[in-house]
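Subject: Structure handover

Dear colleague,

Here is the structure I said I would pass on. My notes on it follow below.

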Amino acid sequence: MQNILDNPAEILAWYLDAGVDEAMGEAPLDRYALVVKAQAKRAAAAQALLKEAQSEHDGAGQTTGQSGALGRSGPIPVRPADTADVEEALKTAVKLAGESKTLDDLREALDGFDGCGLKKTAMNLVFGDGVPDARIVLIGEAPGADEDRQGVPFVGASGALLDKMLASIDLDRSKVFLSNTVFWRPPGNRSPTGGEIAVCLPFVERLIEIIDPAVLITIGGPASHSLLAQQGSVSRLRGRWFTYETPRMSAPIAASVLYQPTNLLKTPAQKRQAWADLIAIKAKLAQRA
Ligand code: URA
């Protein structure tokens, strides 16, 4: 007698006839436990950011030669962060973000939030750009000078490149939502500090929850490290898919990493990989349609 296991196509056809059209694991999946695990991982990442703020505080008066998203380099004085202030600001941020029901509420809450030192030196709040029902949210590092002047993320040369990258997969700002890990420009375009990212994180997370997209893309290292709780260089993180979820989202979403357009302008050799990443994003969006 023929063994049905010898013919997998027949088994699949039988399953389809029976109405089974979705692949599932053999063991039941405890989605609640997964959310709790993801939360614990992000809480650990937030703790690491606070620790970073502590060492910024301990190293007060030092300078850093770190170059920010907009590619300027040279030693920039780092404003010492007071960890007690950061913890207090974080509590306020969690409360304000949690109470926001819409993107307008969230923008208004940020407008009234004084817990991020960057606000003092910035010209404008750079909240975000795009549509509230976007199926894809992209989070970059920090606003630069052009963004600060216009109050809009990803303008100037890197914004023009990002627009071209999006256009290559049939996306534009009428279909996406763009924002950053911090909502004000770090002075001199330095990278945002751990404390600055930590106090803005509840707002970024709430922004993603409110939009509830199908796909989240982090652009560059700081966004990838803080939102995906992953470590390592962008070249190691890109090309992979992660899961992003919070208890207030309807379902876990797919998340991946893109190179910072500013870096692509400086290192065109990475464009080939960025192109492959864009194709993968397009396929993921089609899959989640
Ligand atoms: N412009 C932004 O708004 N964010 C970045 O990360 C880079 C440029």
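Predicted model: local features only at pLDDT ≥ 70, side-chain atom pairs only at ≥ 80, totals over all residues.

Q270 is in contact (heavy atoms within 4.5 Å) with Y259, N263 and L264, leaving aside its neighbours within four places in sequence. Q270 sits in the loop between helix 11 (261-266) and helix 12 (271-287); helices here are DSSP runs of H or I with at least four residues, strands are runs of E with at least two, and both are numbered from the N terminus.

Residues are numbered from 1 along each chain as its sequence is written, and side-chain values use heavy atoms, with hydrogens and water left out.

Overall, the protein chain has 12 helices and 8 strands. Of its 289 residues, 46% are buried; buried means under 20% relative accessible area, exposed over 50%, and partly exposed in between (1.4 Å probe, protein chains only). Among contacts in the protein chain with a separation of 6 or more, 73% are between residues 24 or more positions apart.

The ligand is surrounded by 11 residues (a heavy atom within 4 Å), and the closest are E141, A142, E147, F154 and N180.

- E141: a backbone N or O atom lies 2.8 Å from a ligand oxygen.
- F154: a polar backbone atom is 2.9 Å from a ligand oxygen.
- Q260: a polar side-chain atom lies 3.2 Å from a ligand oxygen.

N180 lies in strand 5 and, at 2% relative accessibility, counts as buried. Its side chain reaches the backbone nitrogen of E141 at 3.2 Å and the backbone nitrogen of A142 at 3.3 Å. Beyond four places in sequence, the contacts of N180 include P143, P153, F154 and V204.

S179 is also in strand 5 (residues 176-180) and is buried, at 1% relative accessibility. A polar atom of the S179 side chain lies 2.7 Å from the backbone oxygen of F127. Not counting residues up to four places away in sequence, S179 touches F127, G128, L138, I139, G140, P153, F154 and L207.

Helix 8 (residues 194-211) and helix 9 (residues 221-228) have axes that come within 11 Å and cross at roughly 75°; axes are lines fitted to C-alpha atoms, for helices over the stretch in contact, and angles run from 0 to 180 degrees between N-to-C directions. The two helices are therefore roughly perpendicular (65 to 115 degrees). Helix 8 contributes I197, L201, V204, E205 and I208 to the contact, and helix 9 contributes P222, S226 and L227.

Finally, two backbone angles. Most residues other than glycine have a negative phi. D170, not a glycine, has a positive phi of about 60°; D170 lies in the loop between helix 7 (156-167) and strand 5 and is partly exposed at 49%. A229 has a positive phi near 55°; A229 lies in the loop between helix 9 and helix 10 (234-237) and is buried at 17%.

Regards

Methods:
Parallel < 35°, antiparallel > 145°, perpendicular 65-115°, else oblique. Polar contact = N/O pair within 3.5 Å; in protein donor to acceptor, adjacent residues only side chain to side chain.
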